[in-house]
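This report goes from the whole chain to a single residue. The sequence and the structure come next.

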Amino acid sequence: MEIRRLNEAAMTGSVTTLLELLQGDPLLLDKVMVAAFLPENPLHIAAMLGHVDFVKEILSRKPELARELNSQGSSPLHLASAKGHIEIVKEILRSDDPDVGCFVRDQEGRISLHLAAIKGRVEIVKEFIRAKPELTREMTDQGETILHLCVKYNQFEVFKIVEDEELLMAKDSEGNTVLHLAAAKRQIQA
């Protein structure tokens, strides 16, 4: 019952309800972490919906929730990155070991930076590069670099901010460089 109310509070971003629930049951967030039946935790919900204050409060009490994956294999950082919630991305990166959050892969083998690139979230990509420049070298499970994804999903604004000439020559699992993909798709911009 309390977990359902907690998820409802996450959906509305009600920090007041969160605090009331935690006052009634100080172990509520721990119970969320061990519950096997939840498709997502309250941090996933709040991160996806952009409730910054709710995210801050949860992270201040239980930062390890940021490492939890939902039923689709996404972390709260994946969700915030894909949705374009820059303040939440910054909070998650500040709250926990950024290596853990940044390098977690979803079910399709993509890190949060990849999702931000696919969705054209320029400011979020810049934030990841500022926090962890080596993330640009991470490949998907299909061997795609961030530049491969930019060409594949027509995200040229993101493409422009990734300054790494070696990535231009990197090959995906099918042996294609970014230039091969651009030529095949007739993308003169790339």
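Helices (H or I, at least four residues) and strands (E, at least two) are DSSP runs, numbered from the N terminus. The model is predicted, so local features need pLDDT of at least 70 and side-chain atom pairs count only at pLDDT 80 or more, while totals for chains, interfaces and linings use all residues. Residues are numbered from 1 along each chain as its sequence is written, and side-chain values use heavy atoms, with hydrogens and water left out.

The chain holds 14 helices and zero strands. Its C-alpha trace spans about 60 × 25 × 25 Å along the principal axes. Of the contacts (heavy atoms within 4.5 Å) with a separation of 6 or more, 68% are between residues 24 or more positions apart.

Buried means under 20% relative accessible area, exposed over 50%, and partly exposed in between (1.4 Å probe, protein chains only). Among the 190 residues of the chain, 49% are buried.

Asp106 sits in the loop that runs between two helices, α8 and α9.

Is Asp106 buried or exposed? Its relative accessible area is 10%, so Asp106 counts as buried. Leaving aside residues up to four places away in sequence, Asp106 touches Gly73, Ser74, His78 and Leu115. The side chain of Asp106 also reaches the backbone nitrogen of Glu108, at 2.9 Å.

Definitions and conventions. Polar contact = N/O pair within 3.5 Å; in protein donor to acceptor, adjacent residues only side chain to side chain.
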